[in-house]
Amino acid sequence: MNKKTLIAALAGGITGFILGFLIFGLLLSNYYTTHCTTYPGLIKDSPVIWCYAVGNLLWAWMFAYVFSNWANVTTFVRGATAAIIIAAPVVIAYEFFFYAGMNLMGARVLAVDAIANIAMNAIVGGVVGTVLGMGEKKAG
């Protein structure tokens, strides 16, 4: 693993952290609150922010590793496309697992959650791809 892969992972992780706050912490927060089953103790009064940061860094590192070592992704569009291909089955599978075993969210909320997660992953993948392509000479 090279320095550019680590920098791409860091850029993607920061992007994911910020997007997660904007999408899930601000934009969809009220939607989840009104449409999800809640009970005392389910949601922490104060989230463990460093866990969000580490999770986003690891997720972005996975994209950076795959993109740089196996897929030769070096543009925003290719990064976003590859991220959708990688993330969509994972996200949708987890939504089905949640729906099968928990009463936390209904099908409509799971669909919104899947779309939001896939969109966020597309942007993170695009950022990772862009950083991996920085400094490359253009053909032609």
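At a relative accessibility of 16%, Asn56 counts as buried, where buried means under 20% relative accessible area, exposed means over 50% and partly exposed lies in between, all with a 1.4 Å probe and protein chains only. Asn56 sits in helix 3. Which residues does Asn56 contact, leaving aside its neighbours within four places in sequence? They are Gly13, Gly16, Phe17 and Met120, and a contact here means heavy atoms within 4.5 Å.

Before going further, here is how to read the model. It is a predicted model, in which local features need pLDDT of at least 70 and side-chain atom pairs count only at pLDDT 80 or more, while totals for chains, interfaces and linings use all residues. Residues are numbered from 1 along each chain as its sequence is written, and side-chain values use heavy atoms, with hydrogens and water left out.

Now step back to the whole chain. Its secondary structure comes to five helices and zero strands, giving the pattern α-α-α-α-α along the sequence. Helices (H or I, at least four residues) and strands (E, at least two) are DSSP runs, numbered from the N terminus. The C-alpha trace spans about 60 × 25 × 25 Å along its principal axes. Of the 140 residues, 34% count as buried. Among contacts between residues at least 6 apart in sequence, 82% join residues at least 24 apart.

Let us start with helix 1. At 1.5 Å a residue, its 25 residues should span 36 Å, and the end C-alpha atoms are 34 Å apart, which agrees. The expected span is 1.5 Å times one less than the number of residues in the helix. At the start of helix 1, a side-chain oxygen of Asn2 comes to within 3.1 Å of the backbone nitrogen of Lys4. This is a polar contact, a pair of N or O atoms within 3.5 Å; within protein, one must be able to donate a hydrogen and the other to accept it, and residues adjacent in sequence count only if both atoms are side-chain atoms. The buried residues of helix 1 include Gly12, Gly13, Gly16 and Leu19. Helix 3 and helix 5 are among the elements that cover the buried residues of helix 1.

Next comes the loop between helix 3 and helix 4, which is the place of Asn72. Most residues other than glycine have a negative phi. Asn72, however, has a positive phi, near 50°. With a relative accessible area of 54%, Asn72 is exposed.

Helix 4 begins with a cap: a side-chain oxygen of Thr75 lies 3.1 Å from the backbone nitrogen of Arg78, at the N-terminal end of the helix. The 26 residues of helix 4 (residues 76–101) should span 38 Å at 1.5 Å a residue, and its end C-alpha atoms are 36 Å apart, which agrees. Where does helix 4 bend? It bends by about 35° at Ala87, and a proline, Pro89, follows within four residues. The bend at a residue is the angle between axes fitted to the seven residues ending there and the seven starting there. Among the buried residues of helix 4 are Ala83, Ala87 and Val91. The buried residues of helix 4 pack against helix 3 (49–71) and helix 5 (107–133).

In the largest nonpolar core, which has 26 residues, Phe63, Phe67 and Val128 touch the most other members. A nonpolar core is a set of buried Ala, Val, Leu, Ile, Met, Phe, Trp, Tyr and Cys residues joined through side-chain atoms within 4.5 Å. Helix 1 (3–27), helix 3, helix 4 and helix 5 each supply at least two residues of this core, and the largest share, nine residues, comes from helix 5. Not counting residues up to four places away in sequence, Phe63 touches Ala83, Ile86, Ala87, Asn121, Val124, Gly125 and Val128.

Finally, look at the cysteines Cys36 and Cys51. Cys36 is buried at 16% relative accessible area, whereas Cys51 is partly exposed at 38%. The structure holds zero disulfides, a disulfide being a pair of cysteine sulfur atoms within 2.5 Å.
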